Amino acid sequence: MPPGPVSPLPMPPGPGAGYGKPSCGVCLLSDTSPADRLPVLPIKNAVVYPHVAMPITVGRAQSVAALEAAMARADRTLVVLAQRSTDAESPAPQDLYAVGTTAQIKLIGRTDNMLQIILHGVNRVQVIDFTPNPDFLEARVKPLPLPHDDSVEEEALQREVLELTGKYFALAHPEVHLNFPQAIAAGEDIMQLLYPLGQLLPLDTAAAQALLAASTLADTLQRMRDALLHEIQILELRHRIADQAQEKMTHEQRDYILRQQMHAIKQELGDTNPNEAETEELRKQLTDAGLPDEAMKEAVRELKRLEQIPIASPDYQVIRAHLELISELPWQQTTTDNLNLDNARQILDDDHYGLKEIKERIIEQLAVMKLNPDAKAPILCFVGPPGVGKTSLGQSIARALERKFERFSLGGMHDEAELRGHRRTYIGAMPGRIIQAVRRTKVKNPLLMLDEVDKLGHDFRGDPAAALMEILDPAQNYAFRDNYLDLPFDLSKVFFITTANATDTVPKPLLDRMETLHLSGYSGEEKMVIARRYLLPRQRREAGLNHEQFKVPDETILAVIQRYTREAGVRELERMLGRLARKVAVRFAGNDTTPVTVAITDLAEMLGPERYFAEERRKNLPPGVATGLAWTDAGGDVLYIEAIALPKGDKMTLTGHLGEVMKESAMAANSYVIAHVKELGITKTVPEAIHIHVPAGAIPKDGPSAGAPIAAALASLYTNLPIRSDTAMTGEITLSGLILPVGGIKEKILAARRAGIKRVILPKENHKDLQELPEHVRQEMEFILADRIEDVLQAAIIAQPRLHRERQC
């Protein structure tokens, strides 16, 4: 085992150092015949000087053998040579310096298979040659005296070395008071001071060996003088650094003493940066980021500030985080768009069923981008009920374009700083979510999807919708300034897509900046195809099943759609299919490997009782009840409007959690019917009090489209004639009897179809909306287009001959 790190035990300076000046020190070698050989002890990272005692740990077999040979000699003498390299474990003669020291073994002991010895250096020697020995190295050596000429130069050097030695000890060990003479007395050997001093100084092996191998006394003195001057300069600098740091410290800064000293070191060197490597790395990142001129100028200014601020200062971390954001933003990095129209069509068709209008609009945009690469990216707003595929459609667009995709939700956001960022003066400030999203994508032209734009809030902290207008406006977002970044950043290349369930709550100025694309609900047949193509295979994979193990026939899927879900989208349908898959997975996990085909009769056991019956139409409607159609965030719905006559009470009572617009529609319908009793064939006395109710009472309802069914219900009540149970209606009315167009036609018609209603009365101006319906739905259902209230009543109320006669006149 090689010798461990050497811890020298130098003797105190002055005559008689160490074990004293041995009287036989010279004769030990002079009495030895030149033919005699001495064992060689190689040592690492150290040099043994004459007149100096040194403890050494010996573990290598070669070194142990040399020690044993030396102990066998009467004088216990060997030659100590320093190794040129620490890598050699069994050093050869060429691995050793030629000048070394003869030394006596003064003490030897053993601990843990290692020998602990103390050597006392005697004379400086030079190797004549090495003699072969299989166990250890042996060498013939000759004394190497140190010539001197007692010149004035030597005397001057001696005095300067003595003076510097005193100064060195005063700086290095101020607690030890040593009085060094200014000159060496006659007959005294200055080397007894120089060699122990050389052992004390932190010299590397090469410098220590050069001191031992110096050719003359003057050379030795010069080397010692240079070494002392170097160490004194370092000590003086350390003291100056400590003094400067101490002046700057306050009571609260004592914990940062080491950082202050480091700062003072950098000041002394002319570089006040406390973390040079980190600063240089930041500088390199900023250079490589391709910043615009304005941003680069600001970044350089901030970087200079960072170099002047202590690392313990709170401002240091703020500036550093700001510079890291600047360096990590994609100022120039972009992805190349894949503008292959056929590829885009294939991806959109693979990921989504139907949505023809949406897909055509996306293909149109790709065509424009292909012909005009500088065209501004559109801001699309997908509007539709939950679960119709708005978010997944954005992912498909990103995949078709081969752009980076990032999304976050705007729902419930009240603080505009979440979009614009916080000013850096605040504790915990951070960039806005737009800049953070661009930072994560690492390109300046990602596709960003902002979900639930219709659920933005606003309060005393600001209006996020107002901030969003600047972000989405192509005329402004080319130089968007985030409050935290405080530099213009180009968002014009970002492909923004927003989603909403409805546009009613979206501020009009914001809505004006977006192109609205409506995603309506799916019909039962469309849900069937979606379940077969996408939902069922995905749930099989997630449950760890294959097609042979788990099958769901089309009639079973249709039963799940009709009896266990009521939604415009397919989210609940996928949950139901996932539940079926998990039920089957439990069987296979229990070692039952029989393939499962889920039948309709199995649904009650696997999914529980049927959940929905309410949409099934009422078979027979009494007078005063009409079937209306409503639009909700979850798609369309069927509403039954009920009216009864009261003997007394308020003129009109409205219940069912109705909104103000719906209440006004009821009052307008009642006023029109009462004003036209003769034309409508009402022969009975109109009751003084009526009560109108729209179940279910716990669900809020509002909107103008209930005007037509309310008027029909009142006319049915006053004429005591029922309304056809297979007919539903929608439309806004006026006091002059007109039927005005309404929205949500596709969702309403699909809701009527789910309820088994085959006839729908619509405002005449809504005929264009019928084109959005699937072909099989248009063929299956009957649509009556009404221009006036009389058209509605004629198509809805059973057996009203007088009304028919009036219309014919």
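How many bridges join strand S7 to strand S12? The legends below, which describe a predicted model, begin with that pair of strands.

**View 1. Strands S7 and S12 are joined side by side by bridges.** Strand S7 (residues 379–383) and strand S12 (residues 495–500) run parallel and are joined by 5 bridges. Leu-380 has Ile-497 of S12 as its bridge partner.

**View 2. An open sheet is formed by 5 strands.** The order of the strands is S8-S9-S12-S7-S13, and their pairing is parallel. Strand S8 (405–409) and strand S13 (515–518) stand at the edges; each has a single partner strand, so one side of each is left without a neighbour in the sheet. On average, neighbouring strands of this sheet are turned by 20 degrees against each other, direction ignored.

**View 3. Helix H12 packs on the sheet.** Helix H12 (residues 356–371) touches S7 and S13, and its direction makes about 145 degrees with that of S13. Helix H16 (residues 464–472) lies across S7, S9 and S12 and runs at about 145 degrees to S12.

**View 4. Arg-76 has a positive phi.** Most residues other than glycine have a negative phi. Arg-76 is not a glycine, yet its phi is about 50 degrees. The residue Arg-76 is found in the loop between helix H2 (61–72) and strand S3 (77–82). Arg-76 is partly exposed, with a relative accessible area of 28%.

**View 5. Lys-442 also has a positive phi.** The phi of Lys-442, a residue other than glycine, is near 65 degrees. Lys-442 lies in the loop between helix H15 (433–441) and strand S9 (447–451). With a relative accessible area of 58%, Lys-442 is exposed.

Key:
Residues are numbered from 1 along each chain as its sequence is written. This is a predicted model: local features need pLDDT of at least 70, side-chain atom pairs count only at pLDDT 80 or more; totals for chains, interfaces and linings use all residues. Side-chain values use heavy atoms; hydrogens and water are left out. Helices (H or I, at least four residues) and strands (E, at least two) are DSSP runs, numbered from the N terminus. Buried means under 20% relative accessible area, exposed over 50%, partly exposed in between (1.4 Å probe, protein chains only). Two strands pair if DSSP finds at least two bridges between them. Axes are lines fitted to C-alpha atoms, for helices over the stretch in contact, and angles run from 0 to 180 degrees between N-to-C directions. Contact means heavy atoms within 4.5 Å.
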